[in-house]
Amino acid sequence: MLRRRSVFRDETKLDINYVPVKLPHREAEMRLLMEFFNFALESPGKMAQRVLITGNVGTGKTALSQRFGANITTEANKRGISLHYIYVNCRELRGSLFLILQHAVSTFHPNFPKRGYSAEEILTSFMQILDEQKSHVILIMDEFESLIDREGSEAVYKLTRLQETRQEKPQRLSLLCVVRSLKSISQLDVSTRSTLQSNVINLEKYSKEQLVDILNDRASLAFKPLAVNEDTLDLIAEIAVSESGGARFGIELLWRAGKYADAGDLNTVSPECVRKAVSSIIPEIRKSDLISLGLHEKLFLLGIARALKKDEKAYVTFTEAERSYAIVCEEFETTPRSHTQLWKYLRSFSAIGLISSEHVSETSRGRSTGISLPRIPTDDLEKELKTLLENQD
Ligand code: ADP
Ligand code: MG
């Protein structure tokens with residue numbers, strides 16, 4: 001049997017666990033992390049560090065912390081320093097300090113007994129192992145709020161005040177804690193909180209343009225050359241921003257859109273593939289929104305859908321939409337509404353999230369508005385509108 005063609009070159013590059021080597025638009029934060037942990041390269045053992053990374057979903061917290069861990073240990077090992085990073089996701093370990101420490105120990109001693117010890121005892125053993133091996137560890141605790149929720153201040157206190165019981169011994173354990181917002185650490189006692197809060201790196205949400213860069217990078221790793229065009233990436237970035245899903249949502253959408261392209265046996269990932277992918281993630285087709293529209297609003301929307309479909313584009317201009325609407329009006333034997341009225345429709349569509357519109361270019365003749373349908377495949381919308389229009393009295 002012939003192998004079916006695919007738009008993908010290597011879809012694992014879009015896997016949620018893949019950590020890219022390059023993180024565009026996080027260079028400054030990466031440098032700051034390196035600064036905070038510089039002692040681990042220059043004078044390991046002399047101090048320990050606690051750093052907090054905050055940021056919304058999809059701002060690259062997990063990717064940045066893992067890439068940082070890998071980079072700094074590589075650098076340390078080049079210099080003959082035994083530095084390790086251990087990454088744990090606290091939520092996956094049910095917020096249990098015991099399980100987190102057990103995971104940490106097992107990276108050095110895979111056969112460490114699973115039972116019979118308290119969290120304190122494991123921590124003591126862990127430090128002993130590090131002393132014996134003259135090793136240093138950066139423990140990255142992602143989704144750190146799970147640990148706080150389950151164990152409260154005490155667990156965090158144990159980790160941050162560790163050195164007080166070790167007196168003359170070298171410092172071996174640094175912490176990099178990852179949370180969505182500083183609010184989650186507000187329930188900790190004051191001193192623990194202030195220890196953590198002294199070094200905070202906040203990851204701002206990505207702008208649409210930044211997401212385009214990120215998606216572009218990833219697309220070139222994951223897809224065959226020319227399989228994804230700029231328009232498609234632009235649409236994905238716009239949706240990811242409007243859904244506040246950041247890079248995570250964008251990358252997932254890119255992958256799904258690729259799947260729809262393969263399913264349709266297409267050569268390229270078109271904007272329509274993106275719309276299909278979105279409607280599979282965001283299930284609402286917004287039928288109720290459509291029913292409540294007036295006759296000419298429906299006709300105009302149908303015009304927009306057809307214009308988008310005809311040219312396989314992510315955006316159509318207002319003029320194109322208006323032209324297409326005029327043809328729809330002919331078909332339904334009605335006189336088109338005025339230009340001004342259509343602008344009003346457009347604004348209300350945009351307000352309820354049916355379409356998204358933005359100024360795509362500033363030309364000598366004024367602004368040109370790009371209209372897109374981010375959430376609904378044009379086919380579905382057209383079908384839905386036709387049914388409604390045929391039953392309209
Ligand atoms: P968070 O942990 O903040 O929710 P992630 O680190 O999981 O976000 O990022 C979500 C997805 O986006 C991952 O696939 C990640 O590799 C990717 N990503 C995030 N930021 C960047 C970036 N600056 N460059 C490249 N990929 C990124
Ligand atoms: Mg994360």
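At 52% relative accessibility, Glu-42 counts as exposed (over 50% relative accessible area; buried means under 20% and partly exposed lies in between, with a 1.4 Å probe and protein chains only). This is a predicted model, in which local features need pLDDT of at least 70 and side-chain atom pairs count only at pLDDT 80 or more, while totals for chains, interfaces and linings use all residues. Residues are numbered from 1 along each chain as its sequence is written, chains are lettered from A and ligands numbered from 1 in the order in which they are written, and side-chain values use heavy atoms, with hydrogens and water left out.

Glu-42 has a charged partner: Arg-79 forms a salt bridge with Glu-42, with 3.4 Å between the closest N and O atoms. Here a salt bridge means a side-chain nitrogen of Lys or Arg within 4 Å of a carboxyl oxygen of Asp or Glu. Arg-79 sits in the loop between helix H3 (61-78) and strand E2 (83-89), and Glu-42 belongs to helix H2 (residues 39-42), so the bridge ties together parts that are 37 residues apart in sequence. Helices (H or I, at least four residues) and strands (E, at least two) are DSSP runs, numbered from the N terminus. Arg-79 itself is partly exposed, at 42% relative accessible area.

Arg-79 also meets Glu-75 in a salt bridge (3.1 Å, N to O). Glu-75 is partly exposed at 25%, and its side chain forms a further salt bridge with Lys-78 (3.6 Å, N to O). Lys-78 and Glu-75 are three residues apart in H3, about one turn of the helix, and Lys-78 is exposed at 66%. The whole structure holds 23 salt bridges.

## A buried glutamate without a bridge

Glu-145 lies in helix H6 (residues 145-160). Glu-145 is buried but has no salt bridge, and the nearest side chain of opposite charge, Arg-180, is 5.4 Å away (Lys and Arg count as positive, Asp and Glu as negative; His and the chain ends are not counted). Leaving aside residues up to four places away in sequence, Glu-145 touches Val-178, Val-179, Arg-180, Ser-181 and Ser-184, where contact means heavy atoms within 4.5 Å.

## The sheet and its helices

Five strands make up an open sheet in the order E2-E3-E4-E1-E5, with parallel pairing; two strands pair if DSSP finds at least two bridges between them. E2 and strand E5 (200-203) are at the edges with a single partner strand each, so one side of each is left without a neighbour in the sheet. Within the sheet, five bridges join strand E1 (residues 50-55) to E4, and Thr-54 stands opposite Val-179 in E4.

H3 lies across E1, E2, E3, E4 and E5, at about 165° to E2. H4 also packs on the sheet, where it touches E2 and E3 and makes about 140° with the direction of E2. For these angles, axes are lines fitted to C-alpha atoms, for helices over the stretch in contact, and values run from 0 to 180 degrees between N-to-C directions.

## Nonpolar cores

The largest nonpolar core has 35 residues, and Phe-126, Leu-139, Met-141, Phe-144 and Leu-147 have the most contacts inside it. Such a core is a set of buried Ala, Val, Leu, Ile, Met, Phe, Trp, Tyr and Cys residues joined through side-chain atoms within 4.5 Å. Helix H5 (119-133) is among the elements that each supply at least two residues, and H5 gives the most, with seven. A second, separate core of 33 residues includes Val-228, Ile-251, Val-274 and Val-278.
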